[in-house]
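Hi,

Here is the structure I promised to pass on. Have a look, and my notes follow below.

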Amino acid sequence: MGKQILAIVAFALTVLLSGCGYNDLQSTDEQIKAAWAEVLNQYQRRVDLIPNLVETVKGFAAQEQQVLLGVTQARSRVGSIQATPELVNDPQAFARFQEAQGALSSALSRLLLVAENYPQLKSDQNFRDLQARLEGTENRIAVARNRFIKAVREYNLVVRQFPSNLTAMLFGFKEKPQFTVENEKEIGKPPKVDFGKPAPAEK
Amino acid sequence: MSLISCTRSTAGRRWFFLLVLILAPLLLASAGAEVAIPPLTARVTDLTNTLNPQQRDALEQKLAAFEAAKGSQIAVLIVPTTQPEAIEQYSIRVVEQWKLGRKAVDDGALLLVAKDDRKMRLEVGRGLEGAVPDAVAKRITADIIAPYFKKGDFAGGISAGVERLIKVVEGEPLPEPAGKSQPSRPVVVLGLVVVTAFVAMVVGGFLRARLGLFGCAAGCTVLAGAAGGAVWAIPGVAAFWGIFLAICVFILGLIGGALGGDGGSGRGYSWGWLGRFGVSAALGGVLGGAAWGFTQAEVAVIFFAIGGFFLGVLSGGSSSGRGWSGSSSGSSSGGGFSGGGGDFGGGGASSSW
């Protein structure tokens, strides 16, 4: 009889624990992982586009050595950072990663700005397609980052709010770093890469 | 969808909403007032009255025929402006709400035209990114549609663009359009019925037999708490239903105890296993269904189906589950249009004219 009561109590405890946000912690944590994987995926997609883009621009504007070099260097810097899923748990590595991707973004927009001066390049179908793919990828990055921000926000709320914060403490769930707020506005809209008008000033 | 599943905000999650309420203005401070997303009622939504009824109907029919043949959902939305948001931001918000395309196939697409901004965007669902890569989407918008728009021929541009998009998607091998058969709901509810009723009755009866009335009540309290907690922990289910289920389980357990009699001494009102199980199954069906977010009609159908079945069993006849016949009411298919649950990842292209 005592055993049976014990079993019932154990069962109730298990269920009550899930009522205290343990399951919420697990599912939001899993969401972050998925969202982060998507962010990495889209950044990788951008990196993969670069050699082709650089080659195409070179064909028409080989004299723009510096800009082309800038893109290649920024790309290799991005490549040197191990973009693992664990990055989300390490605020410093996370910041480095963000910074490298940001540098690549500005190198790319410089390249596209320069392309503005080459009418032949601009009307090249291959370049136009690459440009469309780059625009699309930048937009995918923006969407993936926004979803990641939402996922982290949700998770951090669970970690901090009562009573699930107790559960989080008990099981060692920590707050995760967020994409920094000062560039959140900038993340929201994809960088302008159309050449019809003057591009926005780069910071 | 039922109304029940949409109401999430109750005690347990109130803090979350409070925090969101406090944080939201801070985060959106710079965003200002965003353009509202119109409800999805038709494939072609024109908020600017640019298309005349004939043009709209023709387009609507073309898109409907394509969905019937290929399964892919394409929608057109014309708004005056997306300011202060960029067209890409507005567009992704629209498709996140509309969920065009089939679930897990993600074969939706949206042609968004912001007339006064002189901008358009072809938003492509994840499943169509292979057939319609960004470069193709760019060509459709910039090379096919934009020339029409420049001349002021919006109907012609949209029609030509959609036609081209359809042609491109047609070449893509997609799953056959299904006859919309989704048997999962009755299965889910049956599972809930059986588990809830069985556990409550068996444990109630067992506790009564072993521990007497007080033990039974105590056990039922624990069990009720456990069941309520479990339901509450399901994401998307409001705390109210957890509490509701807890109370019902408590009562069911007590009924189980009462009907179970004390240790098989054979009281007069013992209905036998099937009878007890039947009553509690019907009750369990109702509350399980309610907790899962069913419409009242669905719960009623299940209730009568199970009640009828067990009444039949009890009376010795073989009523083969009357009431099931009308159970598959399914989703709306009369006139309206709704997204199939497709996912978008930001693919596509924007152009201006």
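Is A:Arg128 buried, exposed or partly exposed? A:Arg128 is partly exposed, at a relative accessible area of 26% (buried is under 20%, exposed over 50%, partly exposed in between, with a 1.4 Å probe and protein chains only).

Housekeeping: this is a predicted model, where local features need pLDDT of at least 70, side-chain atom pairs count only at pLDDT 80 or more, and totals for chains, interfaces and linings use all residues. Residues are numbered from 1 along each chain as its sequence is written, chains are lettered from A and ligands numbered from 1 in the order written, and side-chain values use heavy atoms, leaving out hydrogens and water.

Now the salt bridges (a side-chain nitrogen of Lys or Arg within 4 Å of a carboxyl oxygen of Asp or Glu). Over all chains there are 24. A:Arg128 pairs with B:Asp143, with 3.2 Å between the closest N and O atoms. A:Arg128 sits in helix α6 of chain A and B:Asp143 in helix α4 of chain B, so this pair joins two chains (helices are DSSP runs of H or I, at least four residues, numbered from the N terminus). B:Asp143 is partly exposed too, at 37%.

B:Lys138 and A:Glu135 also form a salt bridge, at 3.6 Å from N to O, again from α4 of chain B to α6 of chain A. Both B:Lys138 and A:Glu135 are buried.

A:Arg147 meets B:Asp343 at 3.8 Å, and B:Asp343 lies in the loop between α9 and β5 of chain B.

Cheers
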